[in-house]
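The sequence and the model are shown first.

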Amino acid sequence: LARTFLILITIYVCFNSTDLIYRCLKVFLYFAYFIGMVSFLVQLDLISSIWSRVADRNASIFFDPNFASAFLGLGALSSLITISHKYKKIISYLFLSIACFFTFSKAGALALFLSSIIYLTFYISLRYKLLLFTLLPIILFWIYHTIDLTMFRTEQGLNARDDLWKFSFNK
């Protein structure tokens, strides 16, 4: 139902003004806040009596953690676009990014990370770009060595997807 709703909004927006696009992004953002709030409540086991996790991963209202992470990641990026107040933008982005992190989806976290870096390279000044690209390796090193990333199932690697790619290109 959510996918159909988003597809219909996208089709409708394509044929109308930019003001409508902005309003649709706002509606999408409010829905993402709701999904993020449910994600936090599930992660903190505050609604565990009525909600269960999927394989110890947080899927919010969706039953697929990967889809939930994609939705929350799009919400985080939408907050960077639609919110004009600087601090509200940062708080909204962090809220939805942490909710995306709670899904423990490798693809969702990587997509959010890379798209955020691309966004920041276009919308911040040169002075902050230098600071960003100086601090980024340090932050990544710190995350890798201090945060327990076992829920991301990194020991599984790419789940044989890399073998499939190699097989498809060798034939």
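The crossing of H3 and H5 is right-handed, a term used when the near helix is turned clockwise from the far one by less than a right angle, left-handed being the anticlockwise case. This is a predicted model, in which local features need pLDDT of at least 70 and side-chain atom pairs count only at pLDDT 80 or more, while totals for chains, interfaces and linings use all residues. Residues are numbered from 1 along each chain as its sequence is written, and side-chain values use heavy atoms, with hydrogens and water left out.

Helices here are DSSP runs (H or I, at least four residues), numbered from the N terminus. The pLDDT, the predictor's confidence in each residue from 0 to 100, averages 77 over the protein chain, and 74% of the residues score at least 70. Among the elements of the chain, the lowest mean pLDDT, 68, belongs to helix H1 (residues 2-14), and the highest, 90, to H4.

Axes are lines fitted to C-alpha atoms over the stretch in contact, and angles run from 0 to 180 degrees between N-to-C directions.

| Helix pair | Axis separation | Angle |
|---|---|---|
| H3 and H5 | within 9 Å | roughly 15 degrees |
| H3 and H4 | within 8 Å | roughly 170 degrees |
| H4 and H5 | 10 Å | about 155 degrees |

At roughly 15 degrees, H3 (residues 65-82) and H5 are therefore roughly parallel, the class for angles under 35 degrees. Their contact (heavy atoms within 4.5 Å) is made by Ser69, Gly73, Ala76, Leu77 and Leu80 of H3 and by Gly108, Leu112, Ser115, Ser116 and Tyr119 of H5. By class it has five nonpolar, five polar and no charged residues. In this scheme Ala, Val, Leu, Ile, Met, Phe, Trp, Tyr, Cys and Pro count as nonpolar, Asp, Glu, Lys and Arg as charged, and the others, Gly among them, as polar.

With axes crossing at roughly 170 degrees, H3 is roughly antiparallel to H4, the class for angles over 145 degrees. Residues of H3 in this contact include Ser69, Leu72 and Gly75, and those of H4 include Lys89, Tyr93 and Cys100. The contact has seven nonpolar, six polar and one charged residues.

H4 and H5 pack at about 155 degrees and are thus also roughly antiparallel. Here Lys89, Tyr93, Ser97 and Cys100 in H4 meet Gly108, Leu112, Ser116 and Tyr119 in H5. These residues divide into four nonpolar, three polar and one charged.

Thr103 is found in the loop between H4 (86-101) and H5 (106-123). It counts as buried because its relative accessibility is 0%, the cut-off being under 20% relative accessible area, with exposed over 50% and partly exposed in between (1.4 Å probe, protein chains only). Beyond its neighbours within four places in sequence, Thr103 is in contact with Arg57, Asn58, Pro65, Ala68, Ser69 and Leu72.

Most residues other than glycine have a negative phi.

Phe113, in helix H5, is partly exposed, with a relative accessible area of 32%. Not counting residues up to four places away in sequence, Phe113 touches Leu136 and Leu140. Its C-alpha atom is separated by 9.2 Å from that of Ser97, 16 residues apart along the chain.

Definitions and conventions:
Helix = DSSP H or I, 4+ residues; strand = E, 2+ residues; numbered from the N terminus. Parallel < 35°, antiparallel > 145°, perpendicular 65-115°, else oblique.
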